[in-house]
Amino acid sequence: MKFSARTQMIAALAVSAVLIGSTASWGSQVYAETRASALKQTQQVIFSGNEQINALTERAADLELAISNATTILNDSSGKVLDENARQVLEKSISTAQATLVANKKTVAKLKSQLKSLSSGDMWEEILPTLKRDRAENSVSINKKDVEALANNVIALGQGIQAVQATQAAWQAEQDRIAAEKAAAEAAAAAQAAAAARRAAQAKTLEKNGGSTTPTAPAPPVTAAAAAPVTQGFSAEAYIAALAPNAYVVWDSGMCARQFGPNVYLCGFATVNLAGSNTDRVPITLDSSLTERYSNSVGVSVLVHEAAHARQWWKYGPSIMTAYNALVPGQTGSMPVEWMADCATIVKLGYSTGAYTRSCTAEQLAEAATLW
């Protein structure tokens with residue numbers, strides 16, 4: 001069949017129209033997909049930036065507390081150590097930590113400014129979201145090592161505190177030895193009797209009439225991710241020393257199984273001498289067979305809970321057994337003390353061991369916050 005030239009031209013134009021329409025539809029689809037992808041990538045950068053700010057803020061709070069405690073130890077130990085080098089190392093660690101805090105404040109401020117700038121954009125960024133995505137990726141600077149640096153400073157201060165306390169204890173031991181040599185036999189006998197009475201008082205338990213706090217045994221985490229390691233090289237001793245300078249760790253292998261049975265996930269307990277003074281150091285017993293678990297988020301909640309007991313003792317001394325009775329109605333014996341230690345853990349971490357409570361009143365949280 002033959003067609004006229006005009007008919008052939010009309011047919012060709014029709015085919016061209018179909019091709020142009022098809023190409024326009026495909027181009028619109030690609031644009032929409034590119035726009036959606038760019039918006040999603042921009043939001044991911046903003047989300048990551050906010051997460052970094054939260055992490056930096058939390059670790060900075062830990063570091064501020066560690067600096068405060070380290071400064072107290074440094075001042076209190078002046079002229080009372082056998083090895084002055086330990087104090088010099090701690091003083092340098094404090095200076096480094098303070099510089100780290102200053103740098104961190106600048107980093108957080110810069111990151112907030114960068115994120116704020118992304119809340120607005122010009123007309124071209126609205127039309128081409130890839131421009132805003134590129135600006136977000138090029139302007140928002142996130143360095144995970146900044147968070148690690150803060151945590152490492154906390155650990156360094158804890159280790160420095162331990163070193164100073166060790167040489168301070170050695171100095172005190174030397175003073176005691178000199179005094180003992182000059183003391184009469186009657187005075188030595190009296191000191192031995194007092195020491196025996198002190199050990200007997202420590203053997204009691206707070207559950208009824210004083211001594212060791214009820215062992216903290218939180219429930220196992222639901223998933224492995226729920227108890228991921230906090231920081232590589234984490235030290236329970238250094239962490240507790242930084243939070244509670246009046247405390248020290250005693251390791252006891254298999255202690256948790258003896259207290260709760262073979263399937264217990266983790267535990268710990270603090271011991272105080274109700275016949276003593278709030279200036280006495282508080283031993284915190286942990287299970288050396290479960291050492292690695294103290295570095296995850298569940299373990300850290302146990303450490304903070306037990307450190308809170310040391311801080312309670314520091315604040316209230318022998319009055320610890322009655323200090324919280326009015327705040328925790330319906331509870332007696334050691335329960336108000338344990339309840340408020342969980343509240344102090346919530347203040348510090350945002351969650352608790354759950355062994356005694358996961359929820360505190362505003363009044364309880366306000367009181368718990370005074371420990372830190």
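Which strands does helix 7 lie across, and at what angle does helix 7 run to strand 1? Helix 7 lies across strand 1 and strand 3 and runs at about 155° to strand 1, where axes are lines fitted to C-alpha atoms, for helices over the stretch in contact, and angles run from 0 to 180 degrees between N-to-C directions. Helices (H or I, at least four residues) and strands (E, at least two) are DSSP runs numbered from the N terminus.

This is a predicted model, in which local features need pLDDT of at least 70, side-chain atom pairs count only at pLDDT 80 or more, and totals for chains, interfaces and linings use all residues. Residues are numbered from 1 along each chain as its sequence is written, and side-chain values use heavy atoms, with hydrogens and water left out.

The three strands form an open sheet of order 1-3-2 with mixed pairing, two strands being paired if DSSP finds at least two bridges between them. Strand 2 and strand 3 run antiparallel and are joined by three bridges, and leucine 286 in strand 3 is the bridge partner of glycine 268.

The largest nonpolar core has 49 residues, with Leu286 and Tyr294 among those with the most contacts inside it. Such a core is a set of buried Ala, Val, Leu, Ile, Met, Phe, Trp, Tyr and Cys residues joined through side-chain atoms within 4.5 Å, buried meaning under 20% relative accessible area (1.4 Å probe, protein chains only).

Terms used. Buried < 20%, exposed > 50% of the residue type's maximum accessible area, 1.4 Å probe, protein only. Contact = heavy atoms within 4.5 Å.
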